Amino acid sequence: MTRPPFLSVVVVVYNIAREAPRTLYSLSAEYQRHIAAEDYEVIVVDNGSDVPLDPSLLAGLTGNFRLIRIDPARPSPAQAINQGIAAARGEVIGMMIDGARIATPGLLHFARHGAGLYDTAAVATLGWYVGHDLQGWGALAGYDQAREDELLASVDWTRDGYRLFEIGTMDESSVDGWFQAISESNALFLRREVWEALGGVDERFELPGGGLVDLDTFRRVLELPDAELVILLGEATFHQWHSGTATGARPDQRRANWYRSSSEYSAIRGYAYERMWPRRAPTYIGTLTQAALARMVRAAMKPVHRHAVPPLGADFDEELWMTRPARFPDETTARLVDLARAEFRNGRFEASCAVARLIHARVPHGSGIEATLALVAPTIALPEDPPESERADYHLALAEAHQRLGEVEPATMNYRAALTFNSDLPLAHLGLATLRMPGDGYLVWLERLYRALVPESAIEIGVFQGASLALFRPPTLVIGVDPNATVLSPLSTETHIFAETSDQFFEQHRAERLLGGRSLSIGFIDGLHLFEQALKDFIGLEALCGDRSVIILHDTVPLDKPTQARTRETVFHSGDVWKTVLLLKQYRPDLDVFTIATPPTGLTVVAGLDPASRVLAARYGEAVATMLEMPFESIEGRMDTMLNLVPNDWTAVRARLEKHGII
Ligand SMILES: C[S@@+](CC[C@H](N)C(=O)[O-])C[C@H]1O[C@@H](n2cnc3c(N)ncnc32)[C@H](O)[C@@H]1O
């Protein structure tokens, strides 16, 4: 006596002579994988097809196939299913209410496995269509059986049924079904006892095609107290295009069908049909081919908003691949976490990971970086250097992190390292500059000085986009000089801008006319970054000044050799304006020259001006010649004394200006 099979599949067919052979082949032992022919049986119930299903079809298939013919049959397949179940010998019984569906090759293997996981397991597959659109819509665009035959042949599905995903579309019952409630399963496997507890399918569903009997059955299983939904990840049944009642209908007919079916449902159940969410998260088993995975990822990331909560949570940040952080312990940590996440967003995982580890080491618990770290750490499990193209950014990120932590030495090292991979990184230069001269930046200083000095008039050489020009306030009369000014900041006081070089400006004596015989209060030199030009600008401005005037020079504290080069090679560039300070000290000991250590490149203030002095003009050629070849190394490490640096501190600077009676 042969032992009964463990698994039975009941398949109902009705007038699907074209589709049934494919369906049944997909259930044969030749096609199904990891399950032996003797482990399952297929019970085909021909529900009164006009032309009876040809029994020789089954004879040609590998496996245990049985045919039950019901004739005469009812229009609904409900009774046929129950008859099939009654004939089934397996411990696990699957029902396929629509025999027009091709199964994937692991369906029976995983169904058997899934049914064994729980006493009340409901093993469901998702429903798909053959074709790239919902079939009702596809038909409107010319999809038909011939097109379907071509499609099926194109993927050679009989050799690898998983390729059906490449030519398939999820059907309406299963949209995003991995993560959202599905309304039915077209291959539903339950243990025999569960079928008994349900009393089979409900034969009161009498409409042709069964109306909502499949949906009703699925819902009733999920309602069982211990029901556990098991979703087969990468298995499915693919519906072939035929003129079945529900699936073969045009979109507009579907609406009418739905109305009829749901009315029958309400009449039987006493309430309207609704999809049911399983009480607990489903169990997933199976394999996922790439084509199926792509759809699953879409369903997770961009879910159809049909149901309550998106699978990855309402706060999931697609760019970060995690939920948004709730709270941070302090402002510094928050800024560091921001940095690690920004690197992640930009796809620079090494940098993100390095910063995340830095944070984690400093704040081991509750820093808010945990999710990022866990996400990114495995991407660089091996201690590899980041790719060459990312090294500059890598060191830059680390440098910024150390800087935010107030760790000057590693921050400096990393900025320097970044510059070895890319010598023109403004952020690295800026970082180094602020590490070297922390505190208020030059614009803050200019505003502070203008506020304290309340100048009657001012000339700014080098306007650019007007960031510094815009700091002047009424009643100051302002003159800007720049051949290439494009002012973007709003100006708030009377301002005259001359679109020419400072040399042209002084030659034309334009300032004299505007000043009307009064001396200039403030001169600000921020034009061409060459010391000889800055010196010329100084000479031109001093001639307009009075003894209570001030001239300010920008870019007088060079950061390093490359950024002070006379030929500009970096965005961050001070040029060699520092030499002007040395010349002023050398040739004009009568002046008070001091340099505020403000980032990025210092501000030199000159007081005690003498408009009558001709020293610089007379000795200009000689002065420029002595300084031209002066190497950067001659001030490197000695800037304090050589540039008369004063701390980035208003009290000290104010005292100095008060001494001159300027404030
Ligand atoms: C560093 S930007 C000035 C920035 C501006 N002062 C600020 O703080 O926002 C230098 C400007 O000097 C201008 N410049 C260059 N050579 C000049 C010259 N000979 N006379 C006047 N302006 C000049 C450039 O066109 C450029 O816009």
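This is a predicted model: local features need pLDDT of at least 70, side-chain atom pairs count only at pLDDT 80 or more; totals for chains, interfaces and linings use all residues.
P600 sits in the loop that runs between strand 18 (592-596) and strand 19 (603-607), strands here being DSSP runs of E with at least two residues, numbered from the N terminus. Residues are numbered from 1 along each chain as its sequence is written, and side-chain values use heavy atoms, with hydrogens and water left out.

- P475 belongs to the loop between strand 13 (457-461) and strand 14 (477-481).
- D176 isn't a glycine, yet its phi is positive, near 55°.
- You'll find D176 in the loop joining strand 7 (168-170) and strand 8 (188-191).
- For context, most residues other than glycine have a negative phi, and most peptide bonds are trans.

**Domains**

- The protein chain is split into domain 1 (7-285), domain 2 (331-422) and domain 3 (442-659), with bounds from an automatic or database domain assignment.
- Between the C-alpha centres of domain 1 and domain 3 there are 84 Å.

**Around the ligand**

- The ligand has 18 residues around it, and the closest are Y442, G462, S468, D482 and D526; a residue counts as near if one of its heavy atoms lies within 4 Å.
- Sorted by class, that shell holds eight nonpolar, seven polar and three charged residues; Ala, Val, Leu, Ile, Met, Phe, Trp, Tyr, Cys and Pro count as nonpolar, Asp, Glu, Lys and Arg as charged, and the others, Gly among them, as polar.

**Polar atoms and cover**

- A polar backbone atom of G462 is 2.8 Å from a nitrogen atom of the ligand.
- F464 also brings a polar backbone atom, 3.4 Å from an oxygen atom of the ligand.
- S468 uses its side chain instead: a polar atom there lies 2.9 Å from a ligand nitrogen atom.
- On its own the ligand has 600 Å² of accessible area, and the protein covers 83% of that (Shrake-Rupley method, 1.4 Å probe).

Key: A polar contact is a pair of N or O atoms within 3.5 Å; within protein, one must be able to donate a hydrogen and the other to accept it, and residues adjacent in sequence count only if both atoms are side-chain atoms. Helices (H or I, at least four residues) and strands (E, at least two) are DSSP runs, numbered from the N terminus.
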